[in-house]
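Here are a few friendly notes to read alongside the coordinates. They take the sheet and its helix, and then a pair of packed helices.

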Amino acid sequence: MILSHAFAQEIANKVSPLIGHNVNIFNMEGIIIGSLDSERIDGFHQGALEAIKTGREVTITDEKSSKLKGVKPGVNLPLEFNGSTIGAVGITGSPDKVRTLTYLTKMTVETMIKMAFMEKEAQLDSKAKEHILYNIIFEQIDETRETLKQRAALLGFDIDIPRVAVVLHLDGYENCKIANAEKDKVLDCIKYVMAGNKHYLSAYTGSNEFVVFLPVNPSDEKSSLKKYISRTCKSIANTIKNYLNLDCTIGVSSLCSETVLSYKKSYRDAADSLAIGKKFKGHGGVYFTDDLGLELILNCVPSDTADKFIKNTLGEKKKAITGILDETLLYTLKVFFDCNLNISETARALFIHRNTLLYRLDKIYKLTKRDPRIFDEAIELKILFLLNKTLLKQEEAIVKLAQ
């Protein structure tokens with residue numbers, strides 16, 4: 001551990017006002033590298049060098065200060081870290097008055113140094129984990145599985161623990177680059193939520209996205225597993241919103257991912273479900289790969305085919321279902337689909353009378369020539385409903401280009 005000028009000055013700035021005396025921090029050559037007395041910075045202190053060499057207290061009296069180079073009355077003590085001397089600390093003043101204070105300051109400074117080292121070590125460890133995770137996801141790994149496993153073990157994590165990929169998209173960074181400080185803040189939010197779970201992995205994956213690999217128990221029921229992941233994702237999104245004022249959209253891979261061999265596929269699944277979820281359902285949700293049905297198929301449909309389907313269904317002059325149904329009918333249709341075409345359940349969810357719901361469904365039928373109560377026609381309406389999101393985005397893009 002080598003004391004830098006910047007860190008030594010930071011210590012002097014923080015500790016000196018607290019004790020009411022000037023604290024000097026010295027490097028291994030006895031040079032003052034931190035002090036409130038700016039004129040003494042980079043000056044040599046013979047008493048500090050003696051404390052460093054002997055490992056003992058060196059007291060400077062008024063009489064002694066006149067004989068030694070660059071010193072003032074006070075007490076100087078060696079600073080130690082992991083059993084080795086790394087510099088010295090001194091307090092200027094009458095030795096009898098500042099001796100006890102100097103020993104207390106020595107303990108405080110050594111604690112600060114230890115904490116700074118641990119923080120830096122944790123950051124390096126985190127960066128190393130990010131690097132190997134990035135390699136697993138994006139790079140062509142030439143090393144054997146066993147070698148990779150050993151390298152991961154050195155960093156303190158087991159690649160054989162089953163994990164599910166979660167990809168986070170920061171919605172506030174569509175068209176700008178994320179600064180390193182912002183990346184670290186997002187990763188800190190993830191760390192805060194995952195506190196106590198030592199087997200999770202996280203990394204910045206570029207642009208405005210992050211990946212988290214959540215450890216899971218494959219033997220758990222899928223429903224309870226999904227609830228746990230959904231709860232964790234929402235907690236991460238809420239934390240980022242509260243601390244950074246940024247909204248998140250999240251994609252989750254299949255719940256069957258188990259080993260490192262599936263990490264790359266899990267990431268790709270989560271990234272795809274994120275993109276498809278945003279495309280068909282909008283920003284701000286948590287989208288599971290296992291929940292995407294029609295959306296997966298429609299994502300592969302060419303745009304000209306989709307346009308032809310819309311024209312065949314709604315007529316040549318209509319471009320989207322929003323051109324036919326108002327907001328109330330669109331929302332009614334959405335809830336009807338969410339309730340699996342169950343009329344009673346839909347009426348309860350909408351807080352309306354059953355007859356009111358039937359009236360709205362009849363109106364949808366008259367306007368679209370498709371009855372949402374008939375399965376085949378409900379599918380067509382569902383497709384139109386999903387395609388509507390992409391059509392609106394296309395129109396927004398055209399408007400932006402025109403401007």
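Predicted model: local features only at pLDDT ≥ 70, side-chain atom pairs only at ≥ 80, totals over all residues.

1. Five strands make up an open, antiparallel sheet, and their order across it is β2-β1-β5-β4-β3. The edges are taken by β2 (32-34) and β3 (58-60), each of which pairs on one side only. From one strand to the next, the twist averages 35°.

2. Strand β1 (residues 23-26) pairs with β2 in the antiparallel sense, over 2 bridges. Within this part of the sheet, Ile25 has Gly34 of β2 as its bridge partner.

3. Which strands does helix α2 lie across? Helix α2 (residues 46-54) lies across β1, β3, β4 (74-81) and β5 (84-92), and its direction is at about 40° to β4.

4. Now to the helix pair. The axes of α12 (residues 343-350) and α13 (residues 354-368) come within 9 Å and cross at roughly 105°. Angles of 65 to 115 degrees count as roughly perpendicular, so α12 is roughly perpendicular to α13.

5. On the α12 side, the contact is made by Ile343, Ser344, Thr346, Ala347 and Leu350. Helix α13 contributes Arg354, Leu357, Leu358, Arg360 and Leu361. By class, the contact of α12 with α13 has 6 nonpolar, 2 polar and 2 charged residues.

Definitions and conventions:
Residues numbered from 1 in each chain as written. Heavy atoms only, no water. Axes fitted to C-alpha atoms, helices over the stretch in contact; angles between N-to-C directions. Helix = DSSP H or I, 4+ residues; strand = E, 2+ residues; numbered from the N terminus. Parallel < 35°, antiparallel > 145°, perpendicular 65-115°, else oblique. Contact = heavy atoms within 4.5 Å. Nonpolar A, V, L, I, M, F, W, Y, C, P; charged D, E, K, R; others polar. Pairing = 2+ DSSP bridges.
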